[in-house]
Amino acid sequence: MTARSAKAAAPRRPRRTTPVRPPRGGRPPGGPRGLHIRLRRAWDRPLTAYYLILGGSLLITVLGLVMVYSASQIKALQSGLAPTFFFRKQLLAAVLGSGLLVLAARLSVRVHRMLAYPLLAGSVFLMCLVQIPDIGVAVNGNQNWISLGGPFQMQPSEFGKLALVLWGADLLARKQDRRLLTQWKHLLVPLIPVTFLVLGLIMLGGDMGTAIILTAILFGLLWLAGAPTRLFVGVLGAASAIGALLIMTSANRMSRLACIGATDPGPGDQCWQAVHGIYALASGGFFGSGLGASMEKWGELPEPHTDFIFAITGEELGLAGTLSVLALFAALGYAGIRVAGRTEDPFVRYAAGGVTTWITAQAVINVGAVLGLLPIAGVPLPLFSYGGSALLPTMFAIGLLIAFARDEPAARAALAMRQPVFGRRPAGVRWKTMRRRVKKRPSGER
């Protein structure tokens with residue numbers, strides 16, 4: 001046997017290899033780490049915010065319709081109406097709101113900016129009409145409604161929220177383009193005077209809850225505009241002082257403040273609504289008593305289908321149902337913040353931030369009042385409570401967020417990828433970053 005043949009016959013030692021990490025974008029490993037990678041990639045996709053806003057808002061609206069139907073039947077029968085009276089009105093408002101949502105999602109940013117001033121002027125005009133005795137209608141002590149004939153009424157202050165968001169975003173965007181926001185007078189004027197005008201018209205009707213939401217929108221816009229801390233604290237202090245004065249001069253508002261954390265109705269049953277809201281949540285347990293099986297809606301809990309519909313949800317669907325609603329609002333808020341943070345258009349940033357502040361603040365105030373952590377402000381749960389005047393502008397605002405989410409560069413490219421070209425998707429295109437798409441290079445080219 002020759003040396004060469006002996007060398008060939010000898011067994012070869014296996015080469016030591018080092019594990020190679022999968023390339024970025026390749027198949028992730030198994031186990032918990034792989035699951036974490038998959039979830040992170042899905043969360044970072046360009047259309048995540050778009051799907052969260054669209055899916056979350058639709059789920060909240062549909063679940064709200066179900067709960068309005070369940071919570072309003074007894075109230076309708078007690079008023080001598082058909083049991084589906086409130087549900088049919090809410091369903092009609094949801095259908096009209098869906099049309100507004102689609103319209104807002106299809107309009108361009110330029111058209112949205114053009115709508116800002118007419119919408120603000122129309123809202124102020126209607127809020128002035130509310131104060132005329134023969135035109136304005138008082139509901140639960142607050143004169144903030146206009147009768148449209150028959151059972152239909154409109155609350156112009158709800159449209160004032162949308163008007164303030166669009167007008168404030170357009171104003172700040174134009175001043176930012178001219179580099180004027182570094183001067184405090186341009187940051188405050190005319191934003192603060194116009195907001196105070198709208199707040200004054202609302203407070204003439206006694207609607208403190210809506211005024212709080214508008215104040216939150218104002219602070220959200222100032223925060224996004226980069227207001228200095230001293231200026232921000234000064235405006236916050238002035239608003240707090242005015243709010244404290246309005247509360248102390250009203251016996252009704254002081255009684256609501258005294259009902260925070262109440263466990264019994266108190267003298268004169270002044271905390272009846274707050275306490276029975278807690279009773280409804282407590283009796284629901286983890287999974288609730290069943291859809292339609294609420295006991296508090298049988299005349300014990302006032303406003304079961306409007307301000308306190310979250311309490312009925314907790315009684316019938318339990319902790320699981322209430323946590324699901326809160327999770328949907330949290331996802332909607334995160335998606336709005338993501339849209340505002342990733343855009344390079346100042347108007348989109350301010351408008352998305354204003355809408356997110358509006359919906360989030362209103363949800364927190366409503367849920368906090370039901371839980372006994374905040375005073376009862378009389379504001380509905382967005383997209384969920386009964387009320388067409390609140391549902392229509394809110395769904396238009398959701399359409400704004402959808403339009404802004406679709407307008408991101410990466411989202412536009414992703415949507416273009418999903419559109420078929422002559423019955424098939426475009427070939428030879430792969431994703432490289434979240435911001436753009438590149439053509440796939442032929443094999444062998446570096």
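This is a predicted model: local features need pLDDT of at least 70, side-chain atom pairs count only at pLDDT 80 or more; totals for chains, interfaces and linings use all residues.
Two strands count as paired if DSSP finds at least two bridges between them.

**Protein chain**
- Of the 446 residues in the protein chain, 45% are buried.
- The chain exposes about 23,800 Å², of which carbon and sulfur atoms supply 63%.
- When contacts between residues at least 6 apart in sequence are considered, 67% join residues at least 24 apart.

**Hairpin of β1 and β2**
- Gly 136 has Ile 146 of β2 as its bridge partner.
- The hairpin has 2 residues between the strands, and Asn 140 adopts a positive phi near 55°.

**Helix α14**
- Helix α14 comprises 25 residues, numbered 346–370.
- From its first C-alpha to its last, α14 reaches 36 Å, which is close to the 36 Å expected at 1.5 Å a residue.
- The helix is mostly covered, with 21 of its 25 residues buried.
- At the start of α14, Asp 345 places a side-chain oxygen within 3.0 Å of the backbone nitrogen of Phe 347.
- After the helix comes Gly 372, which has a positive phi, near 80°.

How values were computed:
Residues are numbered from 1 along each chain as its sequence is written. Side-chain values use heavy atoms; hydrogens and water are left out. Helices (H or I, at least four residues) and strands (E, at least two) are DSSP runs, numbered from the N terminus. The expected span of a helix is 1.5 Å times one less than its number of residues. Buried means under 20% relative accessible area, exposed over 50%, partly exposed in between (1.4 Å probe, protein chains only). A polar contact is a pair of N or O atoms within 3.5 Å; within protein, one must be able to donate a hydrogen and the other to accept it, and residues adjacent in sequence count only if both atoms are side-chain atoms. Contact means heavy atoms within 4.5 Å. Accessible areas come from the Shrake-Rupley method with a 1.4 Å probe; for residues, only the protein chains shown count as cover.
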